[in-house]
Amino acid sequence: MEAATELGLDRIDLVGMYRNMLLSRSVEERGRTLFKQGKIPGSFYTGLGNEAAAAAVGTAMGPDDVGAVIHRNTGVHLARGTEPWKILAQFMGREDAPSRGRDGNVHFAEFDLGLITMVSHLPAMLPVATGCALAFRIRQEPRVAIGWFGDGSSARGDAHEAMNFAGTRQLPVVFVCNNNQYAYSTPTRLEYAVDHLAARALAYGFDGVVVDGTDLLAVYREARDAIEKAREGGGPTLIESVTLRLEGHGIHDDASYVPRELFEEYEDRDPIERFHRWLVEHAAFTDDEQRTIESEIKELLSEAVKRAEASPEPAPETLLDGVYAPHDVFETPHFS
Ligand SMILES: Cc1ncc(C[n+]2csc(CCOP(=O)(O)OP(=O)(O)O)c2C)c(N)n1
């Protein structure tokens, strides 16, 4: 428990992050079932294996910080307060979902909770995170922006541009790379020639750290330190959180290109089971508590499915509503 106390986390925080991981996986499992029932259009994507990293960074963010999320970050949405029914409604393309049924099923975020919706073109949101950080600097607000990206996305120009700009201005932004070792079927050795992506930070003029993304407390420590450093004017950090995508890119992909042994290695390091063992050993977490959380999540999700299914699909004649900015008045949404 000492390690957690040093991080400013009490037992309630720890159990909260554990619950976040369980809920995140359960929401996605429910999504998988809905997909099999033909209720989810397109394909279906999860953050299986990335739960600890998402819960940890989402929890380490301050209330006024903002984040540009990607498709492996269900736990970040939950940590910011997105209700599970909205996520399920989003998966199903319903009218009451954050994207109101007008974008891909993992392209969503609740702006009011400080999250920015991703667009498909990865990692186009990193310059957006850097832009938020520039705005915070100009307005002299003690806020930090977080930009997530994947190992594959790191090979694109916009990743470099966002980090280079942030480095030159020492902006309050934290770049979090979910390095899950494959970009679709491309392994990391074909994505970059350095040992670790975090090594690139040196060239941009800021710190880079590699962390085991299956270790919740380790990710929390790095995220909290980087966020607080950025808030205090210490500039950006690149955190490379190493995990393995525990299934295919999406439900349509059998991941046959990933060696079986690699899956086995990472299944043994499942972030949820790993932190469960930690809680039992260090925080006297009981079977009763486990059962209570599980049954509470089960109930929450049956209600969530009902509420999501009750939300209509968007009416065809309204499909373009909200998709394009009005041409006469261009109002830029902004964080108050
Ligand atoms: C610019 C661009 N090229 C291709 C794609 C298609 N695409 C979507 S996700 C993906 C893999 C991205 O890999 P990575 O950044 O490592 O994230 P991961 O999906 O592995 O978490 C690709 C190629 C895209 N969305 N954007």
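This is a predicted model: local features need pLDDT of at least 70, side-chain atom pairs count only at pLDDT 80 or more; totals for chains, interfaces and linings use all residues.
Let me begin with the helices. Helix 2, which covers residues 11-36, packs against helix 11, residues 271-283, at an angle of about 155°, and the axes of these two helices are 10 Å apart. Since an angle over 145 degrees counts as roughly antiparallel, helix 2 and helix 11 are therefore roughly antiparallel to each other. The crossing of this pair is left-handed. From helix 2 the contact draws on Arg11, Leu14, Tyr18, Met21, Leu22 and Arg25, while helix 11 contributes Pro271, Ile272, Phe275, His276, Trp278, Leu279 and Ala283.

On the side of helix 3 the residues in contact are Ala52, Ala53, Ala55, Ala56, Val57, Thr59 and Ala60, and they meet Leu216, Val219, Tyr220, Ala223, Arg224 and Ile227 of helix 9. The residues of this contact between helix 3 and helix 9 divide into 11 nonpolar, one polar and one charged.

I turn now to strand 8, residues 237-242, which is mostly covered, with six of its six residues buried. In a regular strand the side chains alternate between the two faces of the sheet. In strand 8 both faces are covered, for Thr237, Ile239 and Ser241 on one side are buried, and so are Leu238, Glu240 and Val242 on the other.

Which strands pair with strand 8? Strand 4, residues 173-179, pairs with strand 8 in the parallel sense over six bridges, and in that pairing Val176 stands opposite Ile239 of strand 8. Strand 7, residues 207-212, likewise pairs with strand 8 in the parallel sense, over six bridges, and there Gly208 stands opposite Leu238.

Staying with strand 7, I would like to look at Val209, which has its place in that strand. Is Val209 buried or partly exposed? With a relative accessible area of 23%, Val209 is partly exposed, because buried would require a value under 20%. Leaving aside residues up to four places away in sequence, Val209 touches Ala198, Glu222, Thr237, Leu238, Ile239 and Glu240. The C-alpha atoms of Val209 and Ser241, which lie 32 residues apart along the chain, are separated by 8.4 Å.

Two loop residues remain. Gly248 is found in the loop between strand 8 and helix 10, the latter spanning 260-268, and at 8% relative accessibility Gly248 counts as buried. Again leaving out residues up to four places away in sequence, Gly248 touches Asp253, Ala255 and Tyr257. Along the chain Gly248 and Tyr45 are 203 residues apart, yet their C-alpha atoms are separated by 8.6 Å.

Ser99, finally, lies in the loop between helix 5, 84-91, and strand 2, 115-116. Ser99 too is buried, with a relative accessible area of 13%, and, with residues up to four places away in sequence not counted, Ser99 touches Gln90, His107 and Phe108.

Methods. Residues are numbered from 1 along each chain as its sequence is written. Side-chain values use heavy atoms; hydrogens and water are left out. Axes are lines fitted to C-alpha atoms, for helices over the stretch in contact, and angles run from 0 to 180 degrees between N-to-C directions. Helices (H or I, at least four residues) and strands (E, at least two) are DSSP runs, numbered from the N terminus. Angles under 35 degrees count as roughly parallel, over 145 as roughly antiparallel, 65 to 115 as roughly perpendicular and the rest as oblique. A crossing is left-handed if the near helix is turned anticlockwise from the far one by less than a right angle, and right-handed if clockwise. Contact means heavy atoms within 4.5 Å. Buried means under 20% relative accessible area, exposed over 50%, partly exposed in between (1.4 Å probe, protein chains only). Two strands pair if DSSP finds at least two bridges between them. Ala, Val, Leu, Ile, Met, Phe, Trp, Tyr, Cys and Pro count as nonpolar, Asp, Glu, Lys and Arg as charged, and the others, Gly among them, as polar.
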